[in-house]
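Subject: The model you asked about

Hi,

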Amino acid sequence: MKSELNNKVKKHVYDIKPYVPGNTVENYIKLASNENNYGPSPKVVEALKDYADKVNVYPHLDDEVRIALSGYCGVEENSIIAGNGSDELIELILKVFRGPVLYFNPTFGEYLICARILGEKTHTVNLREDFSFPLEEYLIKAREAGVLFLCSPNNPTGTVIPKEDIIEILELGKPTVVDEAYIEFGGESVISLLDEYENLIIPRTFSKAFALGGLRIGYAISSPQIIELLLRVKQPFSVNCFAQKAAVVALEDVAFMRKNVAKIIEDRRLLYDRLSAKYRAYKSNANFVLVDSTPLSAQQLYDRLYERKIIVRKLGVFPGFKGDYTRISVGTSRENQILLEALDEI
């Protein structure tokens with residue numbers, strides 16, 4: 001039988017590059033994926049053990065998750081939606097709102113991936129040479145766009161967008177996504193702008209500060225009108241029962257999260273200082289530090305750290321920028337000390 005498979009594939013699918021996660025190797029220190037290596041609250045671990053015999057029941061704790069998030073974020077429950085990581089929330093946004101999609105470069109790659117999966121056109125604006133935000137250039141490009149994406153603190157640069165710049169963009173009235181996945185580590189949240197701007201959407205995650213990356217749960221905060229639209233295009237039961245339970249319990253032990261975030265922020269300072277002594281490093285408001293390792297290439301830095309059983313995220317060259325970049329997550333204090341010793345040897 002002659003197959004017509006290739007003729008039936010949507011043409012834009014061939015333009016999509018699959019996401020490649022950070023490498024994970026047993027007995028290596030992984031500083032590649034911005035995970036919180038302190039792990040989740042012990043209360044979360046115990047709750048999941050106790051919940052293991054409930055897996056025969058479909059996930060049903062969505063209301064409990066929204067109630068807990070309402071208290072943590074200081075917004076009404078009808079302004080919150082939970083999703084299978086912030087990735088699903090980005091996809092839901094692009095299912096609801098028409099493109100083209102505008103984002104800046106470099107930033108979180110999922111905006112481009114989701115846009116291409118859904119067949120949306122994209123526009124991009126380069127950050128400035130120091131990775132600060134180019135407001136005027138962004139506003140010009142925004143005229144041609146339907147959905148606007150911002151990430152603050154930004155992945156992979158760790159930089160933040162001034163609140164006044166975000167307000168100017170919101171004044172355009174277009175659906176504006178301000179990704180706050182790393183907000184617990186620094187920067188100023190724009191939650192306070194929700195009452196004034198119904199076009200504001202704020203995705204967040206439990207993967208970073210709360211250390212629940214393996215369970216895949218995130219959430220978005222927005223106007224009740226937008227939340228209702230996102231719920232219309234959301235698959236049922238997309239957040240599994242363990243993720244729901246873990247989120248609720250994690251929010252009952254915010255003190256544990258804040259204690260570990262404080263350690264990460266202090267170790268981030270130490271890492272930045274040490275990297276800056278040898279390379280061009282960038283001050284970060286997230287749980288990682290971006291470094292241009294020139295004259296070493298990103299590949300050489302990766303290889304030399306890998307020889308010492310440390311895995312970092314090799315990013316390489318950013319189009320339109322000078323340098324060869326590596327992103328290094330901030331691990332535990334012990335892991336960071338091992339990393340600093342390894343950097344001294346290179």
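First, a word on angles: axes here are lines fitted to C-alpha atoms, for helices over the stretch in contact, and angles run from 0 to 180 degrees between N-to-C directions. Helices (H or I, at least four residues) and strands (E, at least two) are DSSP runs, numbered from the N terminus. Please keep in mind that this is a predicted model, where local features need pLDDT of at least 70 and side-chain atom pairs count only at pLDDT 80 or more, while totals for chains, interfaces and linings use all residues. Residues are numbered from 1 along each chain as its sequence is written, and side-chain values use heavy atoms, leaving out hydrogens and water.

Let's start with a helix pair. Helix 2 (residues 42-50) and helix 9 (residues 241-250) have axes that come within 9 Å and cross at roughly 145°. Lys43, Val44, Ala47 and Leu48 of helix 2 meet Phe242, Lys245, Ala246, Val249 and Ala250 of helix 9, where contact means heavy atoms within 4.5 Å. Sorted by class, that contact has seven nonpolar, no polar and two charged residues. For that sorting, Ala, Val, Leu, Ile, Met, Phe, Trp, Tyr, Cys and Pro count as nonpolar, Asp, Glu, Lys and Arg as charged, and the others, Gly among them, as polar.

Now the domains. The protein splits into domain 1 (4-38 + 254-345) and domain 2 (56-253), with bounds that come from an automatic or database domain assignment. Their centres, taken over C-alpha atoms, are 22 Å apart. Domain 1 puts 32 residues into the contact and domain 2 puts in 34 residues.

Seven strands make an open sheet in the order 2-8-7-6-5-3-4, and the pairing is mixed. Two strands pair if DSSP finds at least two bridges between them. Strand 2 (80-83) and strand 4 (122-126) are the edges; each has a single partner strand, so one side of each is left without a neighbour in the sheet. From one strand to the next, the twist averages 25°. Helix 3 (residues 62-73) packs on this sheet, where it touches strand 2, strand 7 (200-205) and strand 8 (218-222), and its direction makes about 120° with that of strand 2. Inside the sheet, strand 3 (residues 101-105) and strand 5 (residues 147-151) are parallel and pair over two bridges; Val101 has Val147 as its bridge partner in strand 5.

There is also an open sheet of five strands, ordered 1-11-12-10-9, again with mixed pairing. Strand 1 (29-31) and strand 9 (280-282) are its edge strands, each pairing on one side only. Neighbouring strands here are turned by 30° against each other on average, direction ignored. Strand 10 (residues 288-292) and strand 12 (residues 325-329) run antiparallel and are joined by five bridges, and Leu290 stands opposite Arg327 in strand 12. Helix 10 (residues 254-276) lies across strand 9, strand 10 and strand 12, at about 5° to strand 10. Helix 11 (residues 298-306) lies across strand 10, strand 11 (310-316) and strand 12, at about 175° to strand 11.

A few loop residues are worth a click. Phe206 sits in the loop between strand 7 and strand 8, and with 0% relative accessibility it counts as buried. (Buried means under 20% relative accessible area, exposed over 50%, partly exposed in between, with a 1.4 Å probe and protein chains only.) Leaving aside residues up to four places away in sequence, Phe206 touches a set of residues including Leu69, Ile217, Tyr219, Ala247 and Leu251.

Arg216 is in that loop between strand 7 and strand 8 too. Although not a glycine, Arg216 has a positive phi of about 60°, and at 28% relative accessible area it is partly exposed. Phe237, in the loop between helix 8 (224-232) and helix 9, is another non-glycine with positive phi, near 60°; its 47% relative accessibility makes it partly exposed.

Last, the cis peptide bonds: one runs from Gly99 to Pro100, with omega near 0°, and one joins Ser152 and Pro153, with omega about 0°. Pro100 lies in the loop between helix 4 (85-96) and strand 3, and Pro153 in the loop between strand 5 and helix 7 (163-170).

Cheers
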